Amino acid sequence: MTRLKLKKIETPYVVSYNFEMKASQIVSSNFVPLLLKMHPLKFKLTIAYDGTGYEGWQVQKTGTGVQEIVETALAKLFPSKPRLHSASRTDTGVHALDMVAHFEIPGAEAKMSVRQLTLALNAWLPEDIRVLSASRAPKEFHARFDAAGKQYRYFVWNHPAMNPLIRHTAWHVTRPLNLKAMRTAAPLFVGRRDFKSFAASRNYEMKSTVRRLTRCDIKKSGPQLTFIIEGDGFLYKMCRGIVGTLVQIGLGKFPADEIRRMLAKKDRRVAGMTAPAQGLVLWKVFYNVLPASRRKNRSAGRMPAAR
């Protein structure tokens, strides 16, 4: 008998256990399926949801988060009851079109294709939560730590009468908005800035309130305005603070260049209102293709804030 450490064997599998066996047994046809069953598998999900009826994404002590509903569906399919790890969090009433999350299961539990996984999960989910796609992910992939940026979109219906078809996904602003003033102010948010004036306070001290926005645009299609905000990270309710302030600029409450002073003050009281939750959508999560060496050395990072 020879004691061998399996991770030294030239196979695509890495196992940290020691076994007493002959070298010839390691490559036997019976042993390879055993390795496959022991090897954990990682899956990436893209999830969309209407957040109207939920207390945000995250599992909650009181109320129901979207994460809890999806994990309950996963538990119906996999005995190990896998936990989801998401790219971001959303606040109560906020929606998502492209929430990315991953989970791991033992290889022995992988008994369906990714297409079947999507169908099976949706069969257990309510109609306001859908898994749009599922795929195998590399073992180094992490939905949160590998995210390079996110895009949020906020919808405003600027008309005296609300469109009833979008009443749960847009903010109804009845008074006419000055689009030119808002578009003058929006680019002032782009760049590396301290956004403390536009974020809601938390029950803990943030290490840094500096974030980098790469885009802050406003599109118009009839009465509907779409605010597109893109960046490498966001503070708690930061997107809604930006949109609320821009809308108040459109209403004439602040001049467009007041944004510079608000940023400099680093005081939430000097900026505009926080826009309602229902107009905000997590639109897209961006990922870069990282070399394996960078993935292994990835820092723990910070937990993304709910918007």
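**View 1. Thr 209 sits in the loop between strand S9 (191-194) and strand S10 (210-221).** Strands here are DSSP runs (E, at least two residues) and helices likewise (H or I, at least four), numbered from the N terminus. This is a predicted model, in which local features need pLDDT of at least 70, side-chain atom pairs count only at pLDDT 80 or more, and totals for chains, interfaces and linings use all residues. Residues are numbered from 1 along each chain as its sequence is written, and side-chain values use heavy atoms, with hydrogens and water left out. Thr 209 counts as buried because its relative accessibility is 15%; buried means under 20% relative accessible area, exposed over 50%, and partly exposed in between (1.4 Å probe, protein chains only). Look for the polar contact, at 2.6 Å, that joins the side chains of Thr 209 and Asp 194. Such a contact is a pair of N or O atoms within 3.5 Å; within protein, one must be able to donate a hydrogen and the other to accept it, and residues adjacent in sequence count only if both atoms are side-chain atoms. Not counting residues up to four places away in sequence, Thr 209 touches Arg 193, Asp 194, Phe 195, Lys 196 and Leu 235, where contact means heavy atoms within 4.5 Å.

**View 2. Four residues of the largest nonpolar core, Ile 47, Phe 227, Ile 242 and Leu 246, touch the most other members.** A nonpolar core is a set of buried Ala, Val, Leu, Ile, Met, Phe, Trp, Tyr and Cys residues joined through side-chain atoms within 4.5 Å. This core has 74 residues, and its largest share, seven residues, comes from helix H6 (residues 238-250). Leaving aside neighbours within four places in sequence, the contacts of Phe 227 include Tyr 152, Met 182, Ile 218 and Leu 246. Another core, of five residues, lies apart from the largest one, with Trp 157, Ile 166, Ala 170 and Val 281 among them. In soluble globular proteins, nonpolar side chains tend to be buried together.

**View 3. Helix H4 (residues 114-124) has Leu 117, Thr 118, Ala 120, Leu 121 and Asn 122 as its buried residues.** What covers them includes strand S3 (40-49), helix H3 (66-77), strand S5 (95-106) and strand S6 (129-137).

**View 4. Glu 258 is found in helix H7 (residues 258-265).** With 17% relative accessibility, Glu 258 counts as buried. Leu 188 is 70 residues from Glu 258 in sequence, and their C-alpha atoms are 9.7 Å apart in space.
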